[in-house]
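Biologist: I'm new to this one. Can you put it up and take me through it?

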Amino acid sequence: SCGASKFIPEGSQSIGVYEGSFFGERFSGSIRVHLYQALDGSKLFEGNFEGESLDVAVYFRGKMAGNTLEGGFSAASGTITGQFSSDGNQVTGDYSLTSPSTDTGTWKAKKK
């Protein structure tokens, strides 16, 4: 295993990595989102927030429908959403963490 989580099914193809920044009321830092296409055609993502003010890396995962990402956090409570640009090279979104810390904010990332 190359560190892929159990959430992403075996045999899924990587279809893009996006890196950028997040800006919250309490926290800010970098964001990384990795998109996959599963064998059944569904598109999934996983990623994480990292920042000096965060005690731990915050991991998230979810599904892509059309140009929209919708997911949640693992080991934390909250939601994360995103919207792709028409060319697919950029994604912007927002998030809401409810525990262990409360924070809401926005994020943006570009395809590497």
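Biologist: How many positive and negative side chains does the protein chain have?
Modeller: There are 10 positive and 12 negative side chains, and the centres of the two sets lie 5 Å apart. Lys and Arg count as positive and Asp and Glu as negative, while His and the chain ends are not counted. The place of a charge is NZ of Lys, CZ of Arg, CG of Asp or CD of Glu.

Biologist: Before we go on, what sort of model is this?
Modeller: It is a predicted model, where local features need pLDDT of at least 70 and side-chain atom pairs count only at pLDDT 80 or more, while totals for chains, interfaces and linings use all residues. Residues are numbered from 1 along each chain as its sequence is written, and side-chain values use heavy atoms, with hydrogens and water left out.

Biologist: Which salt bridges does Glu-19 make?
Modeller: Glu-19 and Arg-32 form a salt bridge through their side chains, at 3.2 Å from N to O. Glu-19 sits in strand E1 (residues 13–24) and Arg-32 in strand E2 (residues 28–37), 13 residues apart. Glu-19 also has a salt bridge with Lys-112, with the closest N and O atoms 3.9 Å apart. Lys-112 is in the segment after strand E8 (103–111), 93 residues from Glu-19. The rule asks for a side-chain nitrogen of Lys or Arg within 4 Å of a carboxyl oxygen of Asp or Glu.

Biologist: What is the total count of salt bridges, then?
Modeller: The count comes to 2 salt bridges. Glu-19, Arg-32 and Lys-112 are linked in a network of them.

Biologist: Are those three buried or exposed?
Modeller: Glu-19 is partly exposed at 34% relative accessibility, and Arg-32 is partly exposed at 37%. Lys-112 is exposed, with 67%. Buried means under 20% relative accessible area, exposed over 50%, and partly exposed in between (1.4 Å probe, protein chains only).

Biologist: Different topic. How many helices and strands are there?
Modeller: The protein chain has 0 helices and 8 strands. Helices (H or I, at least four residues) and strands (E, at least two) are DSSP runs, numbered from the N terminus.

Biologist: And how compact is the protein chain?
Modeller: Its radius of gyration is 13 Å, close to the 13 Å from the globule rule for 112 residues, so the chain is as compact as a globular protein of that length. That radius is taken over C-alpha atoms, and the rule is 2.2 Å times the number of residues to the power 0.38. The C-alpha atoms fill a box of roughly 40 × 30 × 20 Å along the principal axes. Buried residues make up 35% of the 112 residues.

Biologist: Back to strand E8. Where does Lys-108 stand, and what is it in contact with?
Modeller: Lys-108 is in strand E8 and is partly exposed at 46% relative accessibility. Leaving aside neighbours within four places in sequence, Lys-108 is in contact with Gly-20, Ser-21, Phe-23, Ile-31, Val-91 and Thr-92. Contact means heavy atoms within 4.5 Å. Lys-108 and Gly-20 are 88 residues apart in sequence and 5.6 Å apart in space, C-alpha to C-alpha.

Biologist: Is Gly-105 buried or exposed?
Modeller: Gly-105 counts as buried, at 14% relative accessibility. Gly-105 also belongs to strand E8. Beyond its neighbours within four places in sequence, Gly-105 has contacts including Phe-23, Gly-24 and Tyr-95.
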